[in-house]
Amino acid sequence: MKAVAVRPGTPNSVHMQEIARPSVDQIEGGMGVLVKVLKVGVDATDREINDALYGNAPDGDDYLVIGHECFGVVEAVGENVKRVKPGDFVTATVRRPGGSIYDLIGTNDMTSEETYYERGINLRHGFLTEYFVDEEEYIVRVPQGLQHLHVLQEPMSCAAKAVHQAYEAQRRMKVWNPKVAYVLGAGQIGLLTTLVLKLRGLEVFTLARGEAPNLKAEIVEGLESTYVSTSQTSMTELVKQTGRPDLIVDATGFSPLAFEAMEHIGHNGVVVWTGITGGERKSEVPSDKINLEWVLGNKLLLGSVNANRGHFEMGIRDLALGDMMFPGVLEKILTNPVEGLDNYQEMMRLLVEDKDALKVFVNVASA
């Protein structure tokens, strides 16, 4: 069957690869789920893997099938599978277990090992293909009523996890009731994080470079939040208007802005980094000032990588609620469909060249 792959370590190596079609019996214990892929979302991670900034092939292969945001329909299941059945819409988690205690208890996203395994990213093949098989544990059912939001399930899980982790960490405060949040970046993760925070009752300011009116501003405002163009209002100026925020989530993948967030977070506040930077950029920061304010202000910085099954389920619940509260808004994120795996060059062109491409996704097959 067809798959879209790269040769890790070789820039601009995206190509069509023929691979064997999987079967349910490849998974031991009757726990296999065979999924027909319907749609796959692609993002900056796929672009950077094609740029050879990171990513490794599975043992024994010289290629890596990319694509980690999947939506499909169950084709067949092993005899001991209970959670899904043929005909169900599903997505799949990304991280796969290593050998640490965190991997063994199902929190693969919190592994303490240096080597990590992620489908479509590192040492495990991804979903940009016609079929895949995986263990039931990593397959998450998607309600039929959310099929129109298809590939948003995986990025939504990342947004849900980032916010959940902040609240989990702030149990240390005994009482933490944040009122104001900044979201840095209005890509898919930033917009979905805006939704999660709005559903928690915060006043949300979503910062991005583009000047309004634009689609991102339209979506943010549709989520009853405030869009801030950093080309017109800097973060420093925004703080003068709103006071220091209680929570900042960076979803830019731009390290200078991630570090700038540390200068503006309020007392007892949290900065969450979700963006990944694959380059070698260096920046100057007011380190003495940050050190002083962070120690005296009991401030917290945490990193949040992709999500485990529980976060996917949280994200699906928030997507469902958000779609009801703000009908028609979330669909606007899905801007750039690409028809078929054969059009992988157009898929990559959109990722590289089209700065207005908010969410690129490939229509692999129909249900």
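Over residues 33–144, the chain is 10% helix and 36% strand, with the end C-alpha atoms 18 Å apart; helices (H or I, at least four residues) and strands (E, at least two) are DSSP runs numbered from the N terminus. The model is predicted, so local features need pLDDT of at least 70 and side-chain atom pairs count only at pLDDT 80 or more, while totals for chains, interfaces and linings use all residues. Residues are numbered from 1 along each chain as its sequence is written, and side-chain values use heavy atoms, with hydrogens and water left out. In an unreviewed UniProt entry, residues 33–144 carry the feature "domain: Alcohol dehydrogenase-like N-terminal"; UniProt positions follow the numbering used here, feature names are shortened, and annotations may be inferred rather than shown by experiment.

Three strands form an open sheet in the order β2-β1-β4, with antiparallel pairing. The edges are β2 (15–18) and β4 (64–65), each with a single partner strand, so one side of each is left without a neighbour in the sheet. Two strands pair if DSSP finds at least two bridges between them, and β1 (residues 2–6) is joined to β2 by 4 bridges. Within β2, Met-16 is the bridge partner of Val-4.

Ala-212 and Pro-213 are joined by a cis peptide bond with omega of about 5 degrees, and Pro-213 sits in the loop between β13 (203–208) and α5 (215–222). Although not a glycine, Glu-224 has a positive phi of about 55 degrees. Glu-224 lies in the loop between α5 and β14 (226–229) and counts as exposed at 53% relative accessibility. Asn-298, also not a glycine, has a positive phi of about 50 degrees. The loop that holds Asn-298 runs between α8 (287–296) and β17 (300–303), and Asn-298 is partly exposed at 42% relative accessibility.

How values were computed. Buried means under 20% relative accessible area, exposed over 50%, partly exposed in between (1.4 Å probe, protein chains only).
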